[in-house]
Amino acid sequence: MTAVLVVDDDPALVRALGINLRARGYEVHAAGTGAGALRLAAAHPLDAVVLDLGLPDMDGSEVIAGLRGWTDVPIVVLSAREQSGQKVAALDAGADDYVVKPFGMDELLARLRAAIRRGAPVPAEPTIATEDFTIDLSAGRVTRDGADVKLTPTEWHLLEVLARHAGRVVDHGRLLTEVWGPAYQEQTNYLRVYMATLRRKLEPDAANPRHLLTEAGRGYRFEP
């Protein structure tokens, strides 16, 4: 499950963000102070941070600097400060994006997804070789027994997302959002259909897959 830390001293805003994020399958942690945010970040693996700059105990830029001292987790600033110089200072400190309050929830969630995608782990090598097929992430191609496997753009995108998170479960909501978009959050039947097609094309025995695995009730996992 994708974990997001929300840092803001406005309980109503934290509650609203928490509801929207959890509804989309995110795991949510929340802090109302900079010190609390740094403690939570050290205690929990995170995929992104949504951070207000106006915190009661320290400036948000100090939190960014504290995080950047040891982690590259994507940081999306959410602040009422709209002056260009303040935006530049936050981005120079290490933030990945900047959203001005008041904001649209859809825009914030889209920016958060983009930041998470950019921060997603990428294999050290652009080529992933399994016993049965090879994925070339840089070239956007798959080969099996020396021949190219023809995949549709959607099939490739689904495989690519799984391959870039090799060994980790990618939940249904994240797959649907990244491949089809946020409007398809509930269309898990899409995943079943396309995963079945990928298995037929790539697995030696589609009924007993070795690489494209189902994690019941959670999502899918790619195992090289």
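1. Helices (H or I, at least four residues) and strands (E, at least two) are taken here as DSSP runs, and they are numbered from the N terminus. On that basis, Asp145 sits in the loop that joins strand E8 (141–144) to strand E9 (147–148). The model is a predicted one, and the remarks below should be read accordingly.

2. Overall make-up. The chain contains eight helices and twelve strands. Its C-alpha trace extends over about 60 × 30 × 30 Å along the principal axes. Of the 224 residues in the chain, 45% are buried. Among contacts with a separation of 6 or more, 57% are between residues 24 or more positions apart.

3. Backbone at Asp145. The phi angle of Asp145 is near 55°, which is a positive value in a residue other than glycine. Asp145 has a relative accessibility of 75%; exposed means over 50%, so the residue counts as exposed.

4. Backbone at Pro102. The peptide bond running from Lys101 to Pro102 is cis, and its omega is near -10°. Pro102 belongs to the loop between strand E5 (97–100) and helix H5 (105–119).

5. Tyr26 is placed in the loop between helix H1 (11–23) and strand E2 (27–31). Is this residue, Tyr26, buried or exposed? The cut-off for buried is under 20% relative accessible area; Tyr26 has 13%, and is therefore buried. If neighbours within four places in sequence are set aside, the residues in contact with Tyr26 are Met1, Thr2, Val4, Leu21, Arg113 and Ile116. Tyr26 and Arg174 are also worth a look: they are separated by 148 residues in sequence, while their C-alpha atoms are 8.7 Å apart in space.

6. Helices H2 and H3. Helix H2 (residues 34–43) packs with helix H3 (residues 60–68) at an angle of about 20°, and the two axes are 10 Å apart. Angles under 35 degrees count as roughly parallel, and H2 and H3 are therefore roughly parallel to each other. Their crossing is right-handed. On the H2 side the contact is made by Gly34, Ala37, Leu38 and Ala41, and on the H3 side by Val63, Gly66 and Leu67. Sorted by class, the contact of H2 with H3 comprises five nonpolar and two polar residues, with no charged residues.

7. The buried side of H3. Which residues of H3 are buried? They are Gly60, Val63, Ile64 and Leu67. These residues cover an arc of only 100° around the axis, so they lie on the same side of H3. The elements that the buried residues of H3 pack against are H2, strand E3 (48–51), strand E4 (75–79) and helix H4 (84–93).

8. Helices H6 and H7. Helix H6 (residues 153–163) and helix H7 (residues 172–179) have axes 10 Å apart and pack at an angle of about 135°. That angle makes H6 oblique to H7. The crossing in which H6 passes H7 is right-handed. H6 contributes Thr154, His157, Leu158, Val161 and Leu162 to the contact, and H7 contributes Leu175, Glu178 and Val179. By class, the contact of H6 with H7 has five nonpolar residues, two polar residues and one charged residue.

Definitions and conventions
Residues are numbered from 1 along each chain as its sequence is written. This is a predicted model: local features need pLDDT of at least 70, side-chain atom pairs count only at pLDDT 80 or more; totals for chains, interfaces and linings use all residues. Side-chain values use heavy atoms; hydrogens and water are left out. Axes are lines fitted to C-alpha atoms, for helices over the stretch in contact, and angles run from 0 to 180 degrees between N-to-C directions. Angles under 35 degrees count as roughly parallel, over 145 as roughly antiparallel, 65 to 115 as roughly perpendicular and the rest as oblique. A crossing is left-handed if the near helix is turned anticlockwise from the far one by less than a right angle, and right-handed if clockwise. Contact means heavy atoms within 4.5 Å. Ala, Val, Leu, Ile, Met, Phe, Trp, Tyr, Cys and Pro count as nonpolar, Asp, Glu, Lys and Arg as charged, and the others, Gly among them, as polar. Buried means under 20% relative accessible area, exposed over 50%, partly exposed in between (1.4 Å probe, protein chains only). The arc is that of the directions from the helix axis to the C-beta atoms.
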